[in-house]
Structures are given as structure tokens and as C-alpha cells.
Amino acid sequence: MDEESLLVDETRKLIEGCLEGDRLSQNLLYNLYSKKMFVVCLRFAKNREEAEEILQEGFVRVFEFMHQYKFSGSFEGWIRKIIVNCALRKFKSKGQLHGLTRIDATALDNIGNENIISQLGTKELLLMVQRLPPAYRMVFSLYVFEGMKHREIARHLNIAEGTSKSNLSDARLLLQKAVKNSLQTSQNSQQL
């Protein structure tokens, strides 16, 4: 039996234990997936505390609906879908997905297509994504990290497909500006 088969078998045993209400299995399953899912939550949340709320709500739903998992497809993918849906539900309930100001691309200077992202750390980039306005952050995260198409994003967020496209474009412009500002600040502090 190869390593992947062992992992699938172990995960199946954990799921079965969770379905029987075994607290140890629930704890082990949570510990196995919570770090990866927390990263997903951080992409949608405005800060760490909000990400923790989404994670906790997500795992409550995972355990509540685990009986619906049919042992086909990736269990991690199934959990991720629940986590993303919890993030979507949280933002819909806050009404944060409307009333955005359209950004004029010419007002942001010519930022260029340099490969400046590689000069920044992952944490710094994540903070920049978290600082985006909520609607931009949601569309950006769904498109870039979850691989959704604009039609699907529009359906999930109850917005027009064109709004999804413009929000993604504006999010990219804001992120490019934030990256440029960060690099300029870093270069200025190094020159001093």
C-alpha cells in the first residue's frame, strides 16, 4: 500500500470516528486541516480575528454536515468549499458587497508590469489583500485563489458579471499600487 492510500485510509477512519461522535477523531481531524483552512480564511477576512471566526464557523458546519460527504473526491476540497461558503455567508450578511467607488486607472500612475511581487514576503502580500475593500477582496480571492469564473462569482455574490470583472480589475490596481508603495518605502528606508 502506497503512502497516498494510507493517508486516504487514515482520513476515512477519522471521518468515521467523527460521524460516531468521537471527540478524539474530531480533534485530530481539526488539527489535520485547520492550518490549511486558516490560510484560506485569511484571504477572505479583513484581519486574523475575522479569519478565526470564519474557521470556527466552518468547522462547526464541517462536523454538522459530515454525514453528507460521500467519500468521493478530495475531502480537503470538500472542507475548503464549506470554509469558502462560510466566508461568503459572513460577507453577505454584513452587506459589505455593495456601494463601491469605481477607481480611475489613470489616477494610479503607470505602475508597470515588473515582477515586483517576488520582492515581497507572503505575509506582506496577504496583508495587502486583507486591506482591500470587502467586495474587491471577495472577488479577488474567489477568482485568484479559488479559481472561480466571473459568472460563478457573480452568482455567489448576487452581483452582475460585469461588476465582478470591474471589482477584480480595481482590486488588481489597488494591489499594484500597494506593492509599489511598499517597495518604495523599503527602498527609501534602505537609502537612509
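Is the crossing of α4 and α6 left-handed or right-handed? The crossing is left-handed. The points below concern a predicted model, starting with its overall make-up.

1. Overall make-up. The chain holds eight helices and zero strands. Read from the N terminus, the order of elements is α-α-α-α-α-α-α-α. Of the 192 residues in the chain, 38% are buried. As for contacts between residues at least 6 apart in sequence, 70% of them link residues at least 24 apart.

2. Geometry of α4 and α6. Helix α4 spans residues 75-94 and helix α6 spans residues 134-145. Their axes come within 11 Å of each other, with a crossing angle of roughly 165°. Angles over 145 degrees count as roughly antiparallel, and α4 and α6 are therefore roughly antiparallel to each other.

3. Residues between α4 and α6. On the α4 side, the contact is made by Arg-80, Val-84, Ala-87, Leu-88 and Phe-91. Their counterparts in α6 are Pro-134, Arg-137, Met-138, Leu-142 and Phe-145. Sorted by class, this contact comprises eight nonpolar and two charged residues, with no polar ones.

4. Nonpolar core. The largest nonpolar core has 47 residues, and the members that touch the most others are Phe-75, Ile-79 and Ile-83. Two or more residues each come from α1 (3-19), α2, α3 (48-65), α4, α5 (122-130), α6, α7 (150-157) and α8 (161-191). The most is given by α4, which supplies ten residues.

5. Surroundings of Ile-83. Which residues does Ile-83 contact, leaving aside its neighbours within four places in sequence? They are Met-37, Val-40, Cys-41, Ile-54, Leu-55, Gly-58 and Phe-59.

6. Leu-24. This residue lies in helix α2, which covers residues 23-44. Is Leu-24 buried or exposed? Its relative accessibility is 54%, and the cut-off for exposed is over 50%, so Leu-24 counts as exposed. Leu-24 is ten residues from Leu-14 in sequence, and their C-alpha atoms are 8.9 Å apart in space.

Methods: Residues numbered from 1 in each chain as written. Predicted model: local features only at pLDDT ≥ 70, side-chain atom pairs only at ≥ 80, totals over all residues. Heavy atoms only, no water. Axes fitted to C-alpha atoms, helices over the stretch in contact; angles between N-to-C directions. Helix = DSSP H or I, 4+ residues; strand = E, 2+ residues; numbered from the N terminus. Parallel < 35°, antiparallel > 145°, perpendicular 65-115°, else oblique. Left-handed = near helix turned anticlockwise from the far one by under 90°. Contact = heavy atoms within 4.5 Å. Nonpolar A, V, L, I, M, F, W, Y, C, P; charged D, E, K, R; others polar. Buried < 20%, exposed > 50% of the residue type's maximum accessible area, 1.4 Å probe, protein only. Core = buried A, V, L, I, M, F, W, Y, C linked by side-chain atoms within 4.5 Å.
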